[in-house]
Structures are given as C-alpha cells and as structure tokens.
Number of protein chains: 2
Amino acid sequence: MIDFLSDGTVYVHNPHLDGMKDDFLYHFNLGTSTHNLPAMFGDVKFVCVGGSPWRMKSFIEYIAGELSLEDPKAEYPNICAGTDRYAMYKIGPVLSVSHGIGIPSIAIMLHELIKLLYHARCTDVTIVRIGTSGGLGLEPGTVVVTKQSVDATFLPRLEQVILGNTVVRSTDLHQGLAEELLQCSKDLGQFETVIGNTMCTMDFYEGQARLDGAFCSYTEKDKQDYLTKAYESGVRNIEMESSVFAAMCQLSGLKGTPLV
Amino acid sequence: MIDFLSDGTVYVHNPHLDGMKDDFLYHFNLGTSTHNLPAMFGDVKFVCVGGSPWRMKSFIEYIAGELSLEDPKAEYPNICAGTDRYAMYKIGPVLSVSHGIGIPSIAIMLHELIKLLYHARCTDVTIVRIGTSGGLGLEPGTVVVTKQSVDATFLPRLEQVILGNTVVRSTDLHQGLAEELLQCSKDLGQFETVIGNTMCTMDFYEGQARLDGAFCSYTEKDKQDYLTKAYESGVRNIEMESSVFAAMCQLSGLKGTPLV
C-alpha cells in the first residue's frame, strides 16, 4: 500500500541531483535551466498517464470540458513538442502524459515526471494510469481499478536489475484511492467497475498467452489453464505497465493507481 | 549466429495461424482481410527499424534520395496512419518502421512485422536496427555494429516468461551481415565504426548506472566500476531493444543486426 506521505511532497531519492547545476529531462525536452518548471507545473494536482499520445490529447480536451476550462478556439499544445518520445498536455491542475508501451518505456517517463514534479515543487499529487488492458472473466468495457499489480507468476513484485544485481520492489497501490475511484464509478453508474489484481507482462503475444503471435509453442488448452490460474489468483485484467508504475509511485510518495 | 535460412523465407512458428480466417495486426492497423499485403509489401528486401517515428520518416526520405526514387512533390505517407502505436514508411524495397522504447514495445512491433512479411510472402529479407545508444569508451558519433546482445550481467541471453515459465533465448546476430556492414563503413570512410557487444537493459536510469534519475542508490565509483566491468566483457554500447531483436530475428530466419 502506498502511503500518501504526510507532507504531500513528491520525493526523489537521489543525492546526486542536488549537486547538479541543471537537470535536463531528455525525453520531455524540458529542463531546469531552459524552463521555469515551478511556473509551468507548480499547480499540478492530478496526473493522468496512458500509452497513446492521441488518447492523452483527447483526454485533456475531455477534462477541459468537465472542468469548464475549455476554450473552443484553443488548441491544447503538446508541451513536449520538441521530441516525439512522449506527449504532454495540461489544463488547470491536470497533466496528461503518454508513456508508450511496456515497462521500460513508462519507467523513463516516470523518472522524468517525478523529477519534473519535484523541481516544480508540486504537493499532494495523485497519479492515475488510464490504460487499455485485456479483461479476464469480465464483460468488455468493464473498468478494473488495480489493487495489486502482479507479475506473470501472479506475485506482487517487480524485479529490476541495478548495476547487474536484481532488486525486488513492491507493487502495492494506494487502497484509499482505489476505493474512492470505485465509489465515484458507483455514483456515476455509467459503466461496470471492479477492484482486482492486474497482471503486468513483458510481452503482448507469448507473455499474455495469445495464440496469434509470430511464435506460439502452446495449445489453446495450455492458454486456458494459465488464464484460469491467473483468474483464481485474483487477476482481473492484463496489461504491460502497472508494476513499475506501482513501484515508482510508492518510492516517490505519489498517490497512484492504474485504472484500466 | 543467425543462419539466413537456405530458402530465404520469413518464418512464423505458430501452428494456430493457418487455421485463422484472417489475421489482424492490431498495432499496425493492417490485416489480411482488409489489405492486400503481398501487393503492398511483397517486394520488401530491407527493413530498418528505430525508436522514433520522426527519425524513421527522415530515414525513408534519405533512402529515397540514395536510391534515386524520390519524388520532390511526394509526401511519404505513414502506412500505419490509423494508429499512433508505430509509424511505417516504404520506398521501393526498403521498409522503415518505428518501435518505441524498450523490449516490450519492439517485441510487439516485431511479432506483427514478422507476420506481415510472412503474409506478404517476402523472401531474403535483411533487417537492421538503427538506434540511439550510449557508447562505452568510444568517441561520440561512433557506430557500433552489434556482435552479440548481452543482458545487464553481460550474458548473451534474453529471458522471457511464457505461461508463467521462464524461457531463455539466444541473442546472437548474423556475423556475415555485421562484417559486411563494417566493410561498407570502411569504404565510405565518413565515420568510425566498430564491432562489439551491445548491452540491452530494461531501464534507462538505474538500469544503465546513470546518476540523474529520480532514484539512485549507488555512488559515482559504483557506476564506474560497473561500466568498466561491462567494457572488459566486450560491451561497447548500451541500449534497450537489441536482445529481443536478436532473439526474434533468429527465430524467424531474418538476417538481422542492430547498428547503433
């Protein structure tokens, strides 16, 4: 479970950063000496992330309408227009950022996002991943609020290799936030929402037991047996980013949940 | 070492594909029942892949000039314009495809690319990854042609989890192609080129011993010791996609090398 740190600060855990004259966030094309990050981002309270740049742009347009902050003539500019690695949009206190596909891609984005929020001196930030996923035993269109992110053996952990050594990080998420989101969905009554575990895999085809990749060495029955075991362990959906999202939220004091 | 299969065919290894009425390549927004893949791609002999969509578009413009196939009025259309997951461009026998960042992202692209080349009945296809990477002990701008892709412990292998079980795949590349590319570079004489091992990591910051991520638990000396060990083992550059690129080229009979 992520503890929303009592002072609400976004934490970096890197003693080297203080000694650096400036910090350039390569993959956002933003930096502390080239941009006034507190002025640009200091009011951010919610960050929504998802794989596709197009979807994150649609999301900011939608949120602008919901917050009555839209300007019918306005184009929402991509704040990271100087790079094609990630796209970023902002309206009021909401930041919307794309992260591409898979753990390595979202991890780079989150390293730089956490540093951005830190440099901008943001406080009390909630982060939600709004992603696509494959459901297990659920009607299509159901939203799963993740309780725990588990790996392909159904364990709540992320293995990372640092200087050649394997480090295991926890992938629990903020339970209070999950319950709050479930309640919001109940109040809205527009779509089915459940809380469950989300399995995070490194591969879309063989890693998620699909039968239609370029390579497949198992049978339809093997696939069904594996997915049944996943379901029995509490998995309700499968995607490719939640474990490192959970681990990095927990390390940085961000109140986060994937909602996929 | 990748054996360029004697009949030159691109192989899928999936008995389920033959029984499928149609095959939709989700992340390319292309399919066997919606597109005439042999007509669109049957003449492809070279595939160049890289992370950034912008770069892969610039590359096809450059190649069009080199092959004297350019049309000054022509825009090179993105063949995957219906999706923002990957971008794809073609001129004559050359296909240029973006793959995003990291092993999971390039793996999805390669599954669908291998199926595309198979459905299009392509033969004798050479694939080259032209990527960005960090050099080790080399002048900036040096090109490294990869001999072997190694993991963060300097071993030539890729671990994949399939149905919850860890499978280890080899990451050797086509040595003949590597030597050929080195010779091309010598003939050109425009930039330094070396053959060496490429380390493929899951993370850009902690995974590559950087000191400027959001989290860093090691010292400058730890970093130097790790990178020295990498160099001594034969590593000349570090990136995030080569291991699965090598493994999938080998499985499918594609003649491939990362050139980064």
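The legends below describe close-up views of a predicted model with two chains, A and B.

**View 1. Chain A as a whole, with its helices and strands.**
Chain A contains six helices and 13 strands.

When chain A is turned by 180 degrees, with 0.0 Å of shift along the rotation axis, it superposes on chain B with an RMSD of 0.0 Å. The two copies are thus related as by a two-fold rotation axis. The same surface serves both copies, since 100% of the contact residues of chain A recur in chain B.

**View 2. The side of chain A that touches chain B.**
Across the boundary between the copies, 49 residues of chain A are in contact with 49 residues of chain B. The elements of chain A that give two or more residues to this side are helix 2 (53–66), helix 3 (103–119), strand 9 (157–162), helix 5 (220–232) and helix 6 (242–252). Helix 3 of chain A gives the most, with eight residues. Sorted by class, the side of chain A that touches chain B has 27 nonpolar, 14 polar and eight charged residues.

**View 3. Helix 3 and helix 6 packed together within chain A.**
In chain A, helix 3 and helix 6 pack at an angle of about 20 degrees, and their axes are 9 Å apart. Because angles under 35 degrees count as roughly parallel, helix 3 of chain A is described as roughly parallel to helix 6 of chain A. The crossing of these two helices of chain A is right-handed. Helix 3 of chain A brings I103(A), I106(A), A107(A), L110(A) and I114(A) to the contact, while helix 6 of chain A brings S243(A), V244(A), F245(A), M248(A) and S252(A). This contact in chain A has eight nonpolar and two polar residues, and no charged ones.

**View 4. Helix 3 and helix 6 packed together within chain B.**
In chain B, helix 3 (residues 103–119) and helix 6 (residues 242–252) pack with their axes 9 Å apart and at an angle of about 20 degrees. Helix 3 of chain B and helix 6 of chain B are therefore roughly parallel to each other, and their crossing is right-handed. On helix 3 of chain B the residues of the contact are I103(B), I106(B), A107(B), L110(B) and I114(B), which meet S243(B), V244(B), F245(B), M248(B) and S252(B) on helix 6 of chain B. Eight of the residues in this contact of chain B are nonpolar and two are polar, with no charged residue among them.

How values were computed:
Residues are numbered from 1 along each chain as its sequence is written. Chains are lettered from A and ligands numbered from 1 in the order in which they are written. This is a predicted model: local features need pLDDT of at least 70, side-chain atom pairs count only at pLDDT 80 or more; totals for chains, interfaces and linings use all residues. Axes are lines fitted to C-alpha atoms, for helices over the stretch in contact, and angles run from 0 to 180 degrees between N-to-C directions. Helices (H or I, at least four residues) and strands (E, at least two) are DSSP runs, numbered from the N terminus. Angles under 35 degrees count as roughly parallel, over 145 as roughly antiparallel, 65 to 115 as roughly perpendicular and the rest as oblique. A crossing is left-handed if the near helix is turned anticlockwise from the far one by less than a right angle, and right-handed if clockwise. Two residues are in contact if their C-beta atoms, placed from the backbone, lie within 7 Å. Ala, Val, Leu, Ile, Met, Phe, Trp, Tyr, Cys and Pro count as nonpolar, Asp, Glu, Lys and Arg as charged, and the others, Gly among them, as polar. Copies are superposed by least squares on the C-alpha atoms of residues with pLDDT of at least 70 in both.
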